[in-house]
Amino acid sequence: MDNRKTSQGFANVSLKLLKYVVMLVIAVVCATTAFNFGAKIFNSEGVEPAPGTDMTFTVEQGTTVKKLGKTLEEYGVIDDKDIFYIQSVIYGVKAIQPGTYSFNTSQSGEDIFEIINAGPEENKKESETKK
């Protein structure tokens with residue numbers, strides 16, 4: 001009987017230990033995933049190193065941030081349209097003015113949203129000629 005109790009005690013301790021190890025592994029994986037996701041959002045770098053490639057896009061009336069993100073991802077200006085959308089919320093971009101925009105593949109998400117917030121190139125040229 002002593003051997004049986006010892007075996008059961010050892011099995012119980014082993015199962016508890018295994019349960020804690022699995023929980024620890026899950027916690028580490030979740031924390032790593034969350035950190036990497038946050039790093040993509042707040043430390044986004046361009047798709048290519050400088051000088052990158054300039055690309056010009058014409059944004060139509062009613063284009064949403066999600067639609068623009070999909071287009072920019074298709075042309076290789078950004079890596080992930082979903083990260084782009086989350087960044088738009090963080091940087092306060094709710095609507096995009098229609099017009100022509102130039103982006104570079106070496107620009108960060110923050111740089112791209114600064115361009116979008118500034119408006120299309122036509123507006124910039126008009127304001128420069130008025131000065």
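Reader: Is the crossing of helix 2 and helix 3 left-handed or right-handed?
Author: In this predicted model, local features need pLDDT of at least 70 and side-chain atom pairs count only at pLDDT 80 or more, whereas totals for chains, interfaces and linings use all residues. Residues are numbered from 1 along each chain as its sequence is written, and side-chain values use heavy atoms, leaving out hydrogens and water. A crossing is left-handed if the near helix is turned anticlockwise from the far one by less than a right angle, and right-handed if clockwise. For helix 2 and helix 3, the crossing is right-handed.

Reader: How many residues of the contact of helix 2 with helix 3 are charged?
Author: Helix 2 contributes Val65, Lys66, Leu68, Gly69, Lys70, Leu72 and Glu73, which meet Lys81, Phe84, Tyr85 and Ser88 in helix 3 (contact means heavy atoms within 4.5 Å). Five of these residues are nonpolar and two polar, and the number charged is four.

Reader: At what angle do helix 3 and helix 4 pack?
Author: Helix 3 passes helix 4 in a right-handed crossing. The two are oblique to each other. Their axes lie 10 Å apart, and the angle is about 60 degrees.

Reader: Which helix gives the largest share of the lining of the largest pocket?
Author: The largest pocket has a volume of about 240 Å³. Of its 16 lining residues, the closest to its centre are Lys40, Ser44, Glu45, Asp79 and Ile83. Two elements give two or more residues to the lining, helix 3 (81-90) and helix 4 (109-118). The largest share, three residues, comes from helix 3.

Reader: Which residues does a cis peptide bond join?
Author: Proline 51 lies in the loop between helix 1 (2-42) and strand 1 (54-59). The cis bond has an omega of about 10 degrees and joins alanine 50 and proline 51.

Conventions
On a 1 Å grid over the protein atoms alone, a cavity is a set of points where a 1.4 Å probe fits but cannot get out, and a pocket is an open set with protein on both sides within 12 Å along at least five of seven lines; lining residues have an atom within 4 Å of a point. Grid points are joined across faces, edges and corners, and a volume is the space filled by probe spheres set on the points. Helices (H or I, at least four residues) and strands (E, at least two) are DSSP runs, numbered from the N terminus. Axes are lines fitted to C-alpha atoms, for helices over the stretch in contact, and angles run from 0 to 180 degrees between N-to-C directions. Angles under 35 degrees count as roughly parallel, over 145 as roughly antiparallel, 65 to 115 as roughly perpendicular and the rest as oblique. Ala, Val, Leu, Ile, Met, Phe, Trp, Tyr, Cys and Pro count as nonpolar, Asp, Glu, Lys and Arg as charged, and the others, Gly among them, as polar.
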